[in-house]
Amino acid sequence: MYQTIKAASRAIKSPEATVCLHFSNSRGLDKADKAYDKSVRGALSDALKTRKECTGAAGEATVVYTGSGKKATRTIILGLGASGQVNADVVRRAFGSLASPLHAMAVKRVTVRASAGICEALGDEPFARAVGEGLGLGAFRFDDFKATIKNGKGSGPTALTASVERSDGSGVANDGLSHGLNLAESANFARRLAATPPNVATTTHIAACAQDLAKQSGGTMKCKVIKGKALEDKGLVGLINVGKASENPPCMIELTYEPKSAGVKGCCDGTVLLVGKTICYDTGGLSLKISNGMKGMKYDKNGGMAVLGAMHAVSTWLKPCCRIVALLPAAENSISDEAYRPDDILTYLNGVTVEVTNTDAEGRLVLADGLAYGCKVHKPTAIIDMATLTGGVVVALGQAYAGYWCDDATLRGRVEQAGETAGERVWRLPLTEPYRDMMKSQHADIWNSAPVRHAHPIQGAAFLSYFVDSGIPWAHIDIAGTSATDKPRPPFEAGPTGFGVRLLANLFESWCTERD
Ligand code: BES
Ligand code: MN
Ligand code: ZN
């Protein structure tokens, strides 16, 4: 598969493939496509007439060979469904599915003809952006551990250059394309780490990756790793306890992005705090997960990976003008004679005491460290946390929406819009006093899980609310159902989706973007 995909700086002269868009309800070729049809001696209109499989259904790709000898080339007729229903999701899916056949045809340069129809429906740059996201996300393969049986790696070209050209010949939309490819690259960075198995992607490994990322930023982003005795000094009791039973030591990874324009008038002041649950493996601890409940728990770090992917976007290409601090509380929830136990009571750095009732509700214990520490040290103006927090959110919402909680209307508008643009959607659930009351314990202030199965995802949000300083706009996003997929779901292969990376990147883009 392609390792790199980039946008051409101008129109590509002799692409090995040209993609023409086809709507299922189209009534023949438009003026520009007629001209193109002429240049390929009617091959396009012939195919549309004679090939019955060419219906325009979304994602359907029909390959037509045009020209001959050295001038041999391909025209790919790509279905986008009905023109009235086309949107960025449809485009991302269709181009996501196209990455593999393009590679199989050894295509190194591809031109996408943006027809008048798609320019009217989406706009040329937003269309090109979705093309870039689709191609980039669709070309991701996790084959790092394929060694002797090279069924995943194979041969073929490693680089693809793409261009989106308005079919009327009036120019390219490659800024959008490039933006989409960047978004996909940051998401794929998160997906790769998310897929890395727990014997490799340990707490220490993730910390080293964060440090590498900071090094690549040219000084705009710094990384600090709090571990060992420093965890005790700072009172990060959730991490210490959840991580106690593992030989991989827990740590708090802190990335600080400081824009060049910090403090410049007219730019946003204040600090946005991101917190991502980074449980490198979740066995459940002494409240051990049973039967098939443990397989796949390498994905319990995906909240942290989403935040790390967002910081990849922020520091390598997005460069927004707000200060952003990312905290990744990283631990492995394991078992040993040193494990923390149900009945233990922990005293947090904000004074809140927590009775552990279930060691499998560990994510909220480490997130609480991130939230309380982040509030105390960074005095943020907004907080967003991402976590694979509960199985209950998968039961409630499945894979189409992440569960989310946010009582601030302005932040809510931003998060929902950013998610909609990314196709990473969030559905709000309530967080009112009755739910906060459910978390009150007899022997401590609160417990980490109430002894009833009611409203598990909301219990998680209610628990976290005790660690956010009052008055700070805060959004909690439970991505347990959306961060990985067990079956291929274009543009994603089976495995991690990077859910949250593009949402956060879009959020910072709309919030305030400084590009030089
Ligand atoms: N990591 C799990 C949540 C999870 C489950 C993520 C399935 C992805 C797929 C989390 O730590 C957990 O175990 N949650 C418990 C909470 C309960 C004990 C209150 C759950 O959801 O069962
Ligand atoms: Mn758990
Ligand atoms: Zn977990």
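Residues are numbered from 1 along each chain as its sequence is written, and side-chain values use heavy atoms, with hydrogens and water left out. In this predicted model, local features need pLDDT of at least 70, side-chain atom pairs count only at pLDDT 80 or more, and totals for chains, interfaces and linings use all residues.

**Exercise 1.** State which domains the protein chain has and how far apart their C-alpha centres lie.

*Solution.* Step 1: the assignment, automatic or from a database, gives domain 1 (4–171) and domain 2 (185–511). Step 2: the C-alpha centres of domain 1 and domain 2 are 37 Å apart.

**Exercise 2.** Describe the area that domain 1 and domain 2 bury between them.

*Solution.* Step 1: buried area is the accessible area (1.4 Å probe) that two parts lose on being put together, summed over both. Step 2: for domain 1 and domain 2 this comes to about 1,500 Å², with 53% of it on carbon and sulfur atoms. Step 3: on the side of domain 1, Leu137, Phe140 and Phe142 lose the most area to domain 2, together 43% of what that side buries.

**Exercise 3.** Find how many salt bridges are counted between domain 1 and domain 2, and describe the one formed by Glu509.

*Solution.* Step 1: a salt bridge needs a side-chain nitrogen of Lys or Arg within 4 Å of a carboxyl oxygen of Asp or Glu. Step 2: the count between the two domains is four. Step 3: Glu509 pairs with Arg129, and their closest N and O atoms are 3.3 Å apart.

Technical notes:
Chains lettered and ligands numbered in written order.
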